[in-house]
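The exercises below go through a structure one contact at a time. Try each task on the structure before reading its solution.

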There are 2 protein chains.
Amino acid sequence: MSLQDLILNIAKGARDASRDAARLGAAVKNNALLAMAQGIEKNSAFLKKENSKDLELAEKKGLQKAMMERLCLSDKTIKSMANGLREVAALPDPVGEITGMRTRPNGLRVGRMRIPLGVIGIIYESRPNVTSDSAGLCLKSGNAVILRGGSEAINSNLAISKVLSDACKTSGVPEKAIQVIPTVEREAMLELLKLEEYVDLIIPRGGEGLIRFVVEHSKIPVIKHYKGVCHVFVDESADMGMAEKIAFNAKVERPGVCNAMETLLVHENIAKEFLPRIHKKYTDAGVEMRGCPATRRILKDVKEASEEDWSAEYLDLIVSIKVVAGFDDAVRHIEKYGSLHTESIVTSDYSSAMRFVNEVNSSTVLVNASTRFSDGGELGLGAEIGISTTKIHAFGPMGLEELTTKKFIVFGDGQIRE
Amino acid sequence: MSLQDLILNIAKGARDASRDAARLGAAVKNNALLAMAQGIEKNSAFLKKENSKDLELAEKKGLQKAMMERLCLSDKTIKSMANGLREVAALPDPVGEITGMRTRPNGLRVGRMRIPLGVIGIIYESRPNVTSDSAGLCLKSGNAVILRGGSEAINSNLAISKVLSDACKTSGVPEKAIQVIPTVEREAMLELLKLEEYVDLIIPRGGEGLIRFVVEHSKIPVIKHYKGVCHVFVDESADMGMAEKIAFNAKVERPGVCNAMETLLVHENIAKEFLPRIHKKYTDAGVEMRGCPATRRILKDVKEASEEDWSAEYLDLIVSIKVVAGFDDAVRHIEKYGSLHTESIVTSDYSSAMRFVNEVNSSTVLVNASTRFSDGGELGLGAEIGISTTKIHAFGPMGLEELTTKKFIVFGDGQIRE
């Protein structure tokens with residue numbers, strides 16, 4: 001079979017499966033998710049054996065240590081995959097919810113019913129646990145999923161998908177509701193991205209390079225986030241202790257993730273007091289600081305920030321610091337250099353807090369809290385399939401509801417239009 | 001200025017304007033909409049003069065009569081444009097609505113606030129009233145809009161946009177919140193479709209050719225509908241009189257629109273009784289019928305439907321008719337040949353009604369009502385900017401809410417993540 005036919009078959013199979021998946025009751029889906037979790041645990045030896053093939057190849061290729069760690073299926077990763085599926089089983093079923101039912105003057109009752117999107121393609125890099133996490137969320141939301149993981153994880157991904165499909169088979173879920181593309185060729189991904197007739201949405205998860213490649217080539221709608229250049233603005237009225245705690249946590253607790261802060265904005269009226277305090281904490285934690293001229297007049301040993309620093313996503317223990325003339329200056333900076341991901345203000349002033357929430361249109365806007373809370377789990381979505389920094393369909397962390405849409409439903413008793 | 005720079009300037013101007021437009025209060029927006037309506041009426045002589053240039057050129061080019069009618073700005077069209085703006089002014093402002101505010105275990109209050117999408121590009125064909133309708137809806141929802149109408153309406157569109165911009169200027173709305181691309185070159189549209197950094201959404205309105213062209217070339221998300229192949233399924237338990245009325249209305253009341261029915265599905269158990277009745281009404285109204293073999297055994301003079309007929313959007317007094325073996329057969333037919341637009345069942349059976357609503361995932365699903373109700377105004381949206389038959393972001397008729405998204409807002413008192 002040609003590569004083109006292979007991908008077309010997978011996509012057509014997914015479309016057919018999606019119709020049945022959309023009609024599954026919550027009990028069937030939840031039982032399948034529990035069976036999948038059990039399958040993952042029972043087959044841990046098989047999963048680790050297949051994963052070791054990937055690890056050997058990766059070692060030969062000289063993959064970086066961090067990448068090797070992401071690729072590895074340890075007992076802990078396997079346990080966490082299984083538990084992830086159980087958590088999704090425990091979430092409420094989004095499908096079938098009816099909202100806004102109202103009666104029109106002609107007697108028609110009109111409302112909206114939540115339905116699955118249909119077929120979702122997930123394109124991701126090295127971490128094989130994305131295979132089971134995504135499959136679980138797509139199944140629970142009544143969608144069929146096509147998974148295309150990184151070439152370095154192909155054996156692990158196929159093994160996970162086999163275990164999941166076996167569990168589906170015995171649970172009344174259509175077999176082709178979960179499929180992994182069984183080949184590592186890039187051409188396969190390109191074929192998939194053409195099939196707008198069979199695939200409703202593509203979610204790429206990975207580095208900016210992968211995401212730009214997918215956006216460039218997809219005819220199917222893509223929901224993505226390129227990067228997280230998150231800001232904390234310490235207002236002049238901020239509680240100093242709180243500001244210190246938040247600016248430290250946002251940068252240091254886990255610098256390698258997209259909701260970590262990259263730029264600290266400090267109101268000029270409190271810069272002299274605040275900057276030396278946070279400087280000490282950052283220095284103790286080994287954080288490299290890069291500042292604007294005003295920052296460097298207060299913190300003499302801080303390097304100068306270049307223009308590029310203001311839009312950099314360091315994903316590292318580096319922070320850029322800018323002294324701003326006030327609220328408007330801070331918002332202008334965020335609008336110019338931000339990535340619409342997450343911004344936080346530390347303030348004790350009611351009007352500044354309200355203006356920040358109203359005027360800053362990033363996907364998550366916080367008052368007096370760390371940017372690190374911009375996460376599906378922390379915001380109460382139960383689980384997260386990705387983050388969107390574009391405003392179409394979803395904005396911010398995406399949970400089960402973001403894998404659905406709403407149709408109009410109308411109950412009449414013979415109405416016609418005249 | 002090069003064409004590329006011209007379009008880039010328009011897009012950048014729109015992005016800047018969108019930030020201010022997002023913060024406008026409802027009163028400012030509503031006053032601007034009323035001023036726009038008044039401007040349209042006051043300048044009707046100017047609008048008609050500019051429109052006459054387009055009409056002259058169109059006549060020289062030998063444009064079809066129906067196209068000429070769509071292009072013409074009569075006193076009636078001008079009045080209706082002004083009234084449309086007044087109706088939008090009267091709708092509630094969607095921006096700023098906060099929903100789902102809940103308290104997390106750590107005390108964070110998390111909710112979602114509705115915000116504008118940002119910059120919306122509308123690409124449309126001959127009808128100049130789309131200029132003011134779209135501008136009004138985009139302004140009310142706090143967005144900036146870039147309008148690119150058909151080349152045959154360029155003078156009319158520029159005149160309307162001048163009148164609207166003048167009204168904005170005196171109402172505190174940023175001038176560049178409403179812009180018309182002042183050139184007819186196709187290259188200008190292609191340039192616009194590249195600017196994903198400045199434009200958040202493209203909505204094409206027009207024929208399938210235009211829409212496919214836009215989808216093919218856009219890097220910006222596109223919300224669209226290609227066509228409406230709408231079905232009415234007359235179930236065996238249907239009230240015959242009601243079925244006759246609905247099947248007639250759905251086809252005949254306005255055959256040239258997307259929510260008109262194209263295919264009538266009839267349960268085999270009532271075909272012998274129902275088909276002759278509807279046949280008489282259709283014949284009297286001059287409707288051409290094309291039927292499946294079973295239909296033609298009952299209606300001898302009906303032509304045979306070809307395979308293409310089942311997916312045809314006639315937009316005319318033509319209907320295809322199929323006798324189906326039952327509910328499942330009807331749903332399978334809709335899934336195979338439908339366009340996800342609008343489907344209706346006529347039934348008196350509770351279970352068939354519920355199954356149809358639950359299982360048919362087209363954008364509008366009706367029980368015992370004409371497909372012609374699939375329309376923003378009729379479904380209670382107040383106004384309509386278009387219809388989506390893809391499930392991402394919006395599905396079905398789109399109103400003001402569909403021109404917005406939701407960001408997460410979080411109120412804390414010093415929370416950090418540990």
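**Exercise 1: the two chains**

Task: Find how many residues of chain B are in contact with chain A, and which elements of chain B supply them.

Solution. Step 1: 53 residues of chain B are in contact with 53 residues of chain A, where contact means that C-beta atoms, placed from the backbone, lie within 7 Å. This is a predicted model, in which local features need pLDDT of at least 70, side-chain atom pairs count only at pLDDT 80 or more, and totals for chains, interfaces and linings use all residues. Residues are numbered from 1 along each chain as its sequence is written, and chains are lettered from A and ligands numbered from 1 in the order in which they are written.

Step 1: On chain B, at least two residues each come from α1 (3-22), β2 (109-116), α10 (240-252), α14 (350-359), β13 (364-369) and β16 (404-415). Helices (H or I, at least four residues) and strands (E, at least two) are DSSP runs, numbered from the N terminus.

Step 2: β16(B) gives the most to this side of chain B, with 11 residues. By class, the side has 23 nonpolar, 15 polar and 15 charged residues. Here Ala, Val, Leu, Ile, Met, Phe, Trp, Tyr, Cys and Pro count as nonpolar, Asp, Glu, Lys and Arg as charged, and the others, Gly among them, as polar.

**Exercise 2: the sheet with strands of both chains**

Task: Give the order of the 10 strands in the open sheet and name its edge strands.

Solution. Step 1: The order is β1(A)-β2(A)-β16(A)-β13(B)-β12(B)-β7(B)-β8(B)-β11(B)-β9(B)-β10(B), with mixed pairing; strands pair if DSSP finds at least two bridges between them.

Step 1: β1 (98-103) of chain A and β10 (303-304) of chain B are the edge strands, and each pairs on one side only.

Step 2: Within chain B, β9 (residues 288-291) and β11 (residues 318-324) run parallel and are joined by 4 bridges. B:Arg290 stands opposite B:Ser320 in β11(B).

Step 3: Between the chains, β13 of chain A (residues 364-369) pairs with β16(B) in the parallel sense over 5 bridges. A:Thr364 has B:Phe408 as its bridge partner in β16(B).

**Exercise 3: a sheet within chain B**

Step 1: β3 of chain B (residues 119-124) is joined to β6(B) by 5 bridges. One bridge pair is B:Ile122 with B:Ile203 in β6(B).

Step 2: Axes are lines fitted to C-alpha atoms, for helices over the stretch in contact, and angles run from 0 to 180 degrees between N-to-C directions.

**Exercise 4: two helices of chain A**

Task: At what angle do the axes of α10 and α11 of chain A cross?

Solution. Step 1: The axes of α10 (residues 240-252) and α11 (residues 268-284) of chain A come within 10 Å and cross at roughly 40°.

Step 1: Residues that meet include A:Met240 and A:Phe248 in α10(A), and A:Phe274 and A:Ile278 in α11(A). The contact residues divide into 6 nonpolar, no polar and 4 charged.

Key. Two residues are in contact if their C-beta atoms, placed from the backbone, lie within 7 Å.
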